[in-house]
Amino acid sequence: MTASPAYATAQPVRFPNRRADRSYLRTPAVLFAIPCAVLAQLFLSANTTTPNYALAQAAAVTATMAIVGPIVALCAAWEAFTLRSLWGRLTVSRSWWRVLVQRLTPVLAVGVLVQAMLYVVALLQLPDPAWPGWQLPFLSLLGVVAWTFFGAATALVLGRLLAMTVALLVPYLALTLPAGWQPFWLRHVNGSPFDCCSTSDVLDPRVTIGSAGVLGTILLLSLCVARVRLAPSQHRPWLAAAVAVAALIAGGACVSAATGLGAMPTKPRSADALVCREDVCLWPEDGEALAANRDGWAAVREAWRGLGLTVPENARIAPVSAGGRLALTTTATDVDSAKTTMAQLLPRALTGCLGDFDDPARNDKFDRLSVLLASRLTFADPEARAVTVPDPQPVPADAESLWRAVGRCGS
Amino acid sequence: MKLFLRAHHASAVIAAGVGLMIAAWWLAGSTLPVPQLMQGRAAPVAVEMLLTVLYAPLIAYSFGGVALRVEHGTRRSLLGPDLCLIAVVGAPVLAVVVLAAANGDGGFGATIGRDAMAFIGGALLLLTAFGESTAVAGPVLYFFVVSLLGSQPDGSAQWWAVLRAPATPATVAAAFVVLAAGVVIFHLRARQTAGERVSRV
């Protein structure tokens, strides 16, 4: 029986009450934590989102990944340089992935903490703080992990200067550029949903699936690269290649689920969430607009009847037309804006033509009805009458004939 | 001089610089479509700014590394070779500036010349003060911040984000000052000769 070599049985040196190699305060992640948090908070505060809506606030937080992603990738690359320079020179009894994860723990912790802090700040600004659902926090978490391991993988493969440049620029470009790309679905698979969401919308689950596919593929490919560089060469060398191929296939399958998305990463919100007071139904987040919608609707309804036209009894207005409601409400809080919007939309809402603009002759008739309707309304600001039509200008006597002529859409 | 230029990767740097400048001229006028829903704080940023920021890793690669450490012990001035190396790095930029001006596109030439001078000078300053890693990370992080937070709601640039604005004589002069400061500080701090250091002791 052969005696084990001394290095194989030696116990690691222990330094009581402190880490053996360095202080956490000198890790790049901790050094970059405050600048990262400040920049991300500045970015978040400069972002225009739908006020009072937790989902929109959370989507704005995911947009800060354009700052957090490159910084965690840079810090991870920095940590991986140290690992790379020591790897093979020291006796390490732990497996490669445990060493790598321990090395990257401060980076992951800082990334997650910055994102968590931004979520807390963004959600506490709401009058009624609410949980935005698991999808966006999940994408933030996955983004931090994926870009961290991406940075480490670049440092394990490339030279130091090139790796730092790649670790900084690739996440930045991947998170900012797709916002202007076509086809539109390409904009929604980088983990940072662009243009999400109005109170009438919720995040489409396909965005989460597609983004998880892309970020998960980046994560798994990075781990495969790390394994190739760090694991013993004779230790199942085919495993990394097999996982990489499987990751690419699975990622492609996830992304293919998102190819049906359009310009917006959203789907309509369920009408069950509407809150109705009297004859006005609004989303809970739009409660400030209740008075303007109620007063505007009362005035527009009377003006419509004044033209000799009818409105169904007990007609309710709402942001969506579900349940027989008229989709007329606005999120504006001034009555003039509400009246203007309703005057433009009421003829179309009553005929089911809100989304039908194909017939120019019919569009002109709708515009003339809107002009007639607006002419019977009083506005604090005369400039608020937005719709104009070419001469001859309509007169109230034309209302009934115009109304008969427009007919109904989809019939 | 030949050995000096070879040790500082002059041929690789000039090849990369030529590539960057060709790409910048080819893509002149195009922008990076960063998200624009940020109350005007973020607006599309010119591609040439992204390309010129890549001079930072080139400077760290060329002026830093083993050659810098070896030359730290030299007993004669390296001002001449350093200026020659700067000329090599700046030659593609100068060529594009002159060609752009000759073709009536002086605005593009001034902008790319200003950005290149600022990033080269900034990288030299950071290389001298903090080392190669900071010389790469600093300019690239500045580019991030400028592109994502450096715009005013009216489309103009914040005062600290002048590199995203069209070039003016004042900003070109400021970039030249940064370049000159980078060269001077690099020469004074990173090129102290062994003889000078011994005499101070």
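Reader: How many helices and strands make up the secondary structure of chain A?
Author: The model is predicted: local features need pLDDT of at least 70, side-chain atom pairs count only at pLDDT 80 or more, and totals for chains, interfaces and linings use all residues. Residues are numbered from 1 along each chain as its sequence is written, while chains are lettered from A and ligands numbered from 1 in the order in which they are written. Helices (H or I, at least four residues) and strands (E, at least two) are DSSP runs, numbered from the N terminus. Chain A comes to 13 helices and six strands.

Reader: What radius of gyration does chain A have, beside that of a compact globule of 411 residues?
Author: The radius is taken over C-alpha atoms, and the globule rule is 2.2 Å times the number of residues to the power 0.38. The C-alpha atoms of chain A fill a box of roughly 110 × 40 × 35 Å along the principal axes. A compact globule of 411 residues would come near 22 Å, but chain A has 29 Å.

Reader: What percentage of the residues of chain A count as buried?
Author: A residue is buried if 20 or more other C-beta atoms lie within 10 Å of its own, exposed if 12 or fewer, and partly exposed in between, with C-beta atoms placed from the backbone. Of the 411 residues of chain A, the buried share is 44%.

Reader: Which word describes helix 4 of chain A relative to helix 6 of chain A: parallel, perpendicular or oblique?
Author: The axes of helix 4 (residues 65–86) and helix 6 (residues 135–157) of chain A come within 7 Å and cross at roughly 40°. Such axes are lines fitted to C-alpha atoms, for helices over the stretch in contact, with angles from 0 to 180 degrees between N-to-C directions. Angles under 35 degrees count as roughly parallel, over 145 as roughly antiparallel, 65 to 115 as roughly perpendicular and the rest as oblique. Helix 4 and helix 6 of chain A are therefore oblique.

Reader: Is the crossing of helix 4 and helix 6 of chain A left-handed or right-handed?
Author: A crossing is left-handed if the near helix is turned anticlockwise from the far one by less than a right angle, and right-handed if clockwise. For helix 4 and helix 6 of chain A, the crossing is right-handed.

Reader: How many nonpolar, polar and charged residues are in the contact of helix 4 with helix 6 of chain A?
Author: Two residues are in contact if their C-beta atoms, placed from the backbone, lie within 7 Å. The contact includes A:Val72, A:Ala76 and A:Ala80 of helix 4 and A:Val144, A:Trp147 and A:Gly151 of helix 6 of chain A. Ala, Val, Leu, Ile, Met, Phe, Trp, Tyr, Cys and Pro count as nonpolar, Asp, Glu, Lys and Arg as charged, and the others, Gly among them, as polar. By class, this contact has 16 nonpolar, six polar and two charged residues.

Reader: In the loop that holds A:Asp195, what is the phi of A:Asp195?
Author: A:Asp195 lies in the loop between helix 7 and strand 1 of chain A, and is partly exposed because 17 other C-beta atoms lie within 10 Å. Most residues other than glycine have a negative phi, and most peptide bonds are trans. A:Asp195 has a positive phi, near 70°.

Reader: What omega does the peptide bond from A:Gln182 to A:Pro183 have?
Author: A:Pro183 lies in the loop between helix 7 (160–176) and strand 1 (201–203) of chain A. A:Cys197 is found in the loop between helix 7 and strand 1 of chain A, and the bond from A:Cys196 to A:Cys197 is cis. The bond from A:Gln182 to A:Pro183 is cis, with omega near 0°.

Reader: Is A:Glu278 buried or exposed?
Author: A:Glu278 is in the loop between strand 3 (275–277) and strand 4 (280–282) of chain A. Its phi is near 55°, a positive value in a residue other than glycine. With 10 other C-beta atoms within 10 Å, A:Glu278 is exposed.

Reader: Which element gives the most to the side of chain B that touches chain A?
Author: 20 residues of chain B are in contact with 24 residues of chain A. The elements giving two or more residues to this side of chain B are helix 4 (55–63) and helix 8 (132–149) of chain B. With nine residues, the most comes from helix 8 of chain B.

Reader: How far apart in space are B:Phe186 and B:Leu125?
Author: B:Phe186 is found in helix 9 (residues 169–190) of chain B and is buried, with 23 other C-beta atoms within 10 Å. B:Phe186 touches B:Phe63, B:Leu124, B:Leu127, B:Thr128 and B:Arg191, not counting residues up to four places away in sequence. B:Phe186 and B:Leu125 are 61 residues apart in sequence, and their C-alpha to C-alpha distance is 6.6 Å.
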